[in-house]
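This report examines a single protein chain, and the sequence and structure are shown below. Please keep both in view while reading the sections that follow.

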Amino acid sequence: MNGISLSAQTLRTLCAAGFVAAAVMFTQSQDALREITRPIVLAIVNAIGIAASDKGDVMAIGKLEVPWTRDCAGMNLLLIMLALGVWVNREEPSVRKFWLRVLAMVPAALAANVLRVLTLIAYRMVAYPVVESPQTHYFMGFIWMVPFITLITPRAGRPAWHPLMETFQAAAVVALLAPMTGMPNGSMITVAVIMALSQCRLRLDFWATRVTLTVLWVAAGAGVAALNMESFWLPWLLCCPLLLDMRWLFSPAGALVMLSTQSMFAMQSWAPYLGWSGIGLAVWAMLKKNEEAADEAKVETAGLPAVDNNNTSWLRPLLGLGCAACFMVPFLASTLLSMGQLNWHPPETVRSRSLGNHGFEVQVPGQPQGMALVCYAAEGKDRHHTVKVCLKYRGTELEPVAGEAGVYSDGKHWLREFFLQDGKLLQGYPEYLKSTFRPGSDPGVHLIFISPHSFGTPADFSKTGAELAESLYQLCQAREVRP
């Protein structure tokens, strides 16, 4: 191969990376585990004295009706945990141990998913009528994945906090990555994230410099949370100074790969040219293992435990575990920072009724019969998600309608989204993302029009929706300027 030597470790890392990427991309799987997970959840809830029953698309839990989505079944969590099992054991020399640990993720995923659904039910019972935000939803999955993944992570002669940090980071990254695969250029984001993750391993070289950078890293995370720049959470997680190879980060390949993990960059029409070029360079660098690079890797790998074992100070593991705790911040920041936030209400000049969870059904003057409009204010300071993601967590799967930009269908209805943000009416999600990219920007209000297919063609529906959105925008503007 023209001087390229593919070591066994490099081959296993590439195979593990491919498996993780494939598993994350297939997390939009069918509800294959529904008949296993749901009876267990219902039996446990009934056993603790709360009336629970199966009503098809929802579970009746006491006075609550909890939508049953594909995520509830656990297939997505199973794929993610299998992927993490392969990833954390990619350097395990024993083939038998490798497969036993990976296969152990099947019952572990079932247990973790049951615990996650029970946590979701408990949250909704306590927070009723509020529904958890997508970030909180991901956090529930993340928090139950970590204990099981930690149990199968090999220590390889290292102190326990080394693999613990690496496992926490990998679980947090994959949990945030899974819902992003459906975004524009989602496959590029997925591959870039996995390539960056392959460069993350606890490192003790240049320790004093890494400690200083870690302090700056924590401060940067606080800034991302305070300024509502959620598209930076994935790059922030991957750039933890105690784990990332800084030499790789500042190489052309590393810089392009890390840039490609930022969703706002990835959505640009020209991003794939830079992103895939960086990924190609990164793969080439992994394959091109000359003797000098191989020797450096051996020295670094062999030296990690020795350096740490000669220094028994409690400061290193304390700093490491503190960083591991910071990996939970992307899931919790928006919920904590949104406490006390004022809620949006429709203008008094339109008919409306509350749907709970900061949502309203609105009737704009001139709105035809058969077309409905729902408006959702932000649950926190995070940006709204696309209508496809929003409805997924309410049990509905949408697909874009070919030939009519911005229109979606669930098989029976047409849907289209608009946004009221910063005094503007925005026609779609890419425009909304650009408008809210400014730090500290208001997340605005999400408008979703819906009608049955019998209403008319997708083009007729889209045109009517745009006219009604403009009418509501003008009414909202009139309210803002009224004394």
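## Enclosed space

Three cavities of 30 Å³ or more are present in this structure, which is a predicted model. A cavity is defined on a 1 Å grid over the protein atoms alone, as a set of points where a 1.4 Å probe fits but cannot get out. Grid points are joined across faces, edges and corners, and a volume is the space filled by probe spheres set on the points. Rolling a probe the size of a water molecule over the atoms shows where empty space is left.

The second largest cavity contains about 50 Å³ of space. Its lining comprises 11 residues, of which Ala-225, Trp-233, Ala-333, Ser-334 and Asp-382 are the closest to the centre; a lining residue has an atom within 4 Å of a point. Two or more residues each are given to this lining by α10 (207-226) and α18 (329-337). With four residues, α18 gives the most to the lining of the second largest cavity. By type, the lining residues are seven nonpolar, two polar and two charged. Here Ala, Val, Leu, Ile, Met, Phe, Trp, Tyr, Cys and Pro count as nonpolar, Asp, Glu, Lys and Arg as charged, and the others, Gly among them, as polar.

## Basis and confidence of the model

Residues are numbered from 1 along each chain as its sequence is written. Local features need pLDDT of at least 70, side-chain atom pairs count only at pLDDT 80 or more, totals for chains, interfaces and linings use all residues, and side-chain values use heavy atoms, with hydrogens and water left out.

The chain has a mean pLDDT of 78 (the predictor's confidence in each residue, from 0 to 100), and 78% of its residues reach 70 or more. Over residues 1-6, pLDDT stays under 50, and the model has eight contacts for them beyond four places in sequence; a contact means heavy atoms within 4.5 Å. Residues 290-312 also have pLDDT under 50, with 19 contacts beyond four places in sequence.

## Overall organisation

The chain's secondary structure comes to 21 helices and 11 strands. These are DSSP runs numbered from the N terminus: helices are H or I with at least four residues, and strands are E with at least two. Of the 483 residues, 51% count as buried. Buried means under 20% relative accessible area, exposed over 50%, and partly exposed in between, with a 1.4 Å probe and protein chains only. Among contacts between residues at least 6 apart in sequence, 72% join residues at least 24 apart.

Not counting residues up to four places away in sequence, Leu-391 touches Thr-396, Leu-398 and Leu-415.

## Salt bridges

The structure holds five salt bridges, each being a side-chain nitrogen of Lys or Arg within 4 Å of a carboxyl oxygen of Asp or Glu. In one of them, the closest N and O atoms of Arg-210 and Asp-205 are 3.1 Å apart. Arg-210 is buried, with a relative accessible area of 5%, whereas Asp-205 is partly exposed at 26%.

Another salt bridge joins Glu-361 to Arg-353, with 2.9 Å between the closest N and O atoms. Glu-361 counts as partly exposed at 28% relative accessibility, and Arg-353 counts as partly exposed at 49%.

Conventions
1 Å grid on protein atoms, 1.4 Å probe; cavity = no way out; pocket = protein on both sides within 12 Å on 5 of 7 lines; lining within 4 Å.
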